[in-house]
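Visitor: I am new to this structure, and I would like to know how its descriptions are reached. Could you take me through them one at a time?

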Amino acid sequence: MKKIVVIGAGIAGLEVSKQLLQANLPVTLIEQSSKIGGNIKNYAYLFPDFYNAEDLLNSYQYIITDPNLQLLLNAHVSKIDFSKKIYNVITKDGITIPADAIVIATGYNTFDARLKEEFGYGIYDNVITSVELEQMFKKQEIITPSGKVPERIGFIHCVGSRDAKVSNTYCSRLCCITAIKQAIETKKLLPLVEIFCFYIDLRMYGLLFEDLYLSAQRDYNIQFVRGRLSEASEMIDKKIQIKAEDTLIGRPLQMSADMIVLMVGMEASDFSKQFKYHNDLNVNEHGFFDPINPHNLRNLTAKEGVFLAGTSIGPMSVGETIDHARGTALSVLSYIKSN
Ligand code: SF4
């Protein structure tokens, strides 16, 4: 019986595994953390419809009991041996798993906001990231780290994306819509809070994203300021002083906020850093795995029998990730059938 190894048990890895198990193929799913779910565990609700992220993750729980699935948690892949026709995936603990095909579904890292020192993350209490705000939504309570119900919040777009200073010139695609989703959720919990979103330009590429943007302005009175934050500093009362330039009116702007939220972008995973250029596992200039082409071969690597799924190839939404993972499962099935 052919055996597939899927590396990464985030949404992409879970979807690929689900599809392959449905086709009665045995799957070994390797996850470096102690739980399945990957980055979706960080989210309370998904855009654009505020779908409960936990419900989505729970819809995959049943595959864990599938007799054809071997799930390895807390397992780090240290080496892939491509020297024989049947590959061997080797973990740091010395477990060797034979594989007729390998799917890389290792997801993304979120940008480390401390690298934008001028925004004060890790220095000032009331500078948080979008991931941390999402944790507050899970508790349904928004309190600043210094313990206050905020009256004014600034959302800062493009933190760690479209920024040559941190060597990430690409757009992470999803942080504009995430900011709008989070701003609306914040207003639902704190109707009196003032919210200002500081953006370079808004990238509302999805069908319903523009509607959410219009609703944020019309129904929730969220203010959008076109301007890049130049500096944040802490005031004596722990508020954050924001300095930016309003690029629509061409004037510098200053305001204080009880908290600022940094919309951190998506970066290539540690796994792609570890395995880049390893036996035809190419990465692009941004560190994400490079499929053979980005059109009709975007699930395939140049290495025979090694496939890509989800955000291992670049930023994509949860829905796009699931679609891409289904395409990957189809490519694996056709490869297994013909070999
Ligand atoms: S999606 Fe928006 S916030 Fe994110 S990098 Fe692109 S422009 Fe910036």
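Guide: Let us begin with a single residue of this predicted model, namely Tyr 205, which has 13 other C-beta atoms within 10 Å.

Visitor: Why is Tyr 205 called partly exposed, rather than buried or exposed?

Guide: A buried residue needs 20 or more such neighbours and an exposed one has 12 or fewer, so Tyr 205, with 13, falls in between and is called partly exposed. Tyr 205 sits in the loop between β13 (194-199) and α5 (209-218), and its C-alpha atom is separated by 28 Å from that of Tyr 60, which is 145 residues away along the chain.

Visitor: What makes Gln 140 exposed?

Guide: Gln 140 has 10 other C-beta atoms within 10 Å, and because the limit for an exposed residue is 12 or fewer, Gln 140 counts as exposed. Gln 140 belongs to the loop between α3 (130-139) and β12, and its phi, near 55 degrees, is positive although the residue is not glycine.

Visitor: Which peptide bond is cis, and what is its omega?

Guide: The bond that joins Phe 47 and Pro 48 is cis, with omega at about -5 degrees, whereas most peptide bonds are trans. Pro 48 is placed in the loop between β3 (45-46) and β4 (51-52).

Visitor: How do you know that the size of the chain agrees with a compact globule?

Guide: For 339 residues, a compact globule would have a radius of gyration near 20 Å, and the chain has 21 Å, so the two agree. Along the principal axes, the C-alpha atoms fill a box of roughly 65 × 40 × 35 Å, and 45% of the 339 residues count as buried.

Visitor: Which residues touch the most other members of the largest nonpolar core?

Guide: Ile 4, Ile 7, Ile 102 and Val 103 do so, in a core of 48 residues, to which helix α1 (residues 11-22) gives the most, with six residues. Another core, of 46 residues, lies apart from it, and its members include Phe 47, Ala 183, Phe 209 and Val 264. In soluble globular proteins, nonpolar side chains tend to be buried together.

Visitor: Into which domains is the chain divided?

Guide: The assignment gives domain 1 (4-107 + 269-338) and domain 2 (113-265), and nine residues from domain 1 and 17 residues from domain 2 take part in the contact. On the side of domain 1 that touches domain 2, six residues are nonpolar, three are polar and none is charged. The centres of the two domains, taken over C-alpha atoms, are 32 Å apart.

Visitor: How many residues surround the ligand, and which are the closest?

Guide: The ligand is surrounded by 14 residues, of which the closest are Cys 158, Ser 161, Cys 171, Cys 175 and Cys 176.

Methods:
Residues are numbered from 1 along each chain as its sequence is written. This is a predicted model: local features need pLDDT of at least 70, side-chain atom pairs count only at pLDDT 80 or more; totals for chains, interfaces and linings use all residues. A residue is near a molecule or strand if its C-beta atom, placed from the backbone, lies within 6 Å of it. Helices (H or I, at least four residues) and strands (E, at least two) are DSSP runs, numbered from the N terminus. A nonpolar core is a set of buried Ala, Val, Leu, Ile, Met, Phe, Trp, Tyr and Cys residues joined through C-beta atoms within 7 Å. Domain bounds come from an automatic or database domain assignment. Two residues are in contact if their C-beta atoms, placed from the backbone, lie within 7 Å. Ala, Val, Leu, Ile, Met, Phe, Trp, Tyr, Cys and Pro count as nonpolar, Asp, Glu, Lys and Arg as charged, and the others, Gly among them, as polar. The radius of gyration is taken over C-alpha atoms; the globule rule is 2.2 Å times the number of residues to the power 0.38.
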